[in-house]
Amino acid sequence: MTRERVLRVGVLAWLALVWILLWGTFSIANLVGGLIVGALIMWLLPLPRVPVEGRVHLLSMVKLVWMIIFYAAQSSVQVARLAVRPGPPPVTGVLRCKLGIKSDLVLTLCIDVLNLIPGTMVLEVDQARRAVYVHVLDVGTTKAVDQFYRSVRQLERLFIASFERDSDWQPAPWHLRDYEYHEEGREDPA
């Protein structure tokens with residue numbers, strides 16, 4: 001079974017599960033109905049192909065999920081502390097982070113995680129340069145800024161270890177073409 005067929009079966013199973021959850025009870029009729037509705041959705045509303053250019057490593061994925069939970073809890077406590085402490089509001093700012101993530105899919109997942117962490121919000125993504133601009137709630141001290149950068153670097157390392165190890169990396173045929181196109185548009189006409 002090819003990778004694409006495995007993904008399609010996974011999407012169909014997911015849609016059938018959502019259908020069963022919407023009805024609230026498991027039955028053979030709901031399962032069959034979910035498979036039919038899922039197949040219709042996949043046929044009538046096909047999603048564009050997203051290149052999967054690496055491989056999932058489960059142990060690294062477990063570490064990644066653990067760190068996401070830890071960072072979300074840690075930043076929630078920091079945001080709560082900043083909200084109730086007396087004094088002026090914290091100094092906020094926008095910080096730029098260059099990421100070493102190669103895949104657009106994994107970059108999107110990393111950005112989603114950064115947005116889930118309280119006190120941060122990704123404002124802009126420079127896809128060609130692999131840079132993200134993140135609004136951070138507390139940049140009043142060097143320690144707070146360094147902590148933010150350490151967190152981002154740790155997440156980046158875990159995303160790469162989970163999805164983009166160099167030994168498993170197989171870029172999609174259009175991957176390099178997109179970057180060549182972006183770089184051509186940046187040349188000066190003089």
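The model is predicted, so local features need pLDDT of at least 70 and side-chain atom pairs count only at pLDDT 80 or more, while totals for chains, interfaces and linings use all residues. Residues are numbered from 1 along each chain as its sequence is written, and side-chain values use heavy atoms, leaving out hydrogens and water.

**Helices H3 and H5**
- Helix H3 spans residues 58–84 and helix H5 residues 142–163; their axes lie 8 Å apart at an angle of about 155 degrees.
- That makes H3 roughly antiparallel to H5 (an angle over 145 degrees).
- The crossing of H3 past H5 is left-handed (the near helix is turned anticlockwise from the far one by less than a right angle).
- H3 residues in the contact (heavy atoms within 4.5 Å) include Met-61, Leu-64, Ile-68 and Tyr-71.
- From H5, the contributors include Arg-150, Leu-155, Leu-158 and Phe-159.
- By class, this H3 contact with H5 has 10 nonpolar, 6 polar and 2 charged residues.

**Helix H1 and its end**
- Helix H1 covers residues 3–23, 21 residues in total.
- From first C-alpha to last, H1 reaches 31 Å, close to the 30 Å expected at 1.5 Å a residue (1.5 Å times one less than the number of residues).

**Glu-164**
- Glu-164 sits in the loop between H5 and helix H6 (175–185).
- Glu-164 counts as buried because its relative accessibility is 0% (the cut-off is under 20% relative accessible area, with a 1.4 Å probe and protein chains only).
- Arg-55 is 109 residues from Glu-164 along the chain, yet their C-alpha atoms are separated by 6.7 Å.

Technical notes: Axes fitted to C-alpha atoms, helices over the stretch in contact; angles between N-to-C directions. Helix = DSSP H or I, 4+ residues; strand = E, 2+ residues; numbered from the N terminus. Parallel < 35°, antiparallel > 145°, perpendicular 65-115°, else oblique. Nonpolar A, V, L, I, M, F, W, Y, C, P; charged D, E, K, R; others polar. Buried < 20%, exposed > 50% of the residue type's maximum accessible area, 1.4 Å probe, protein only.
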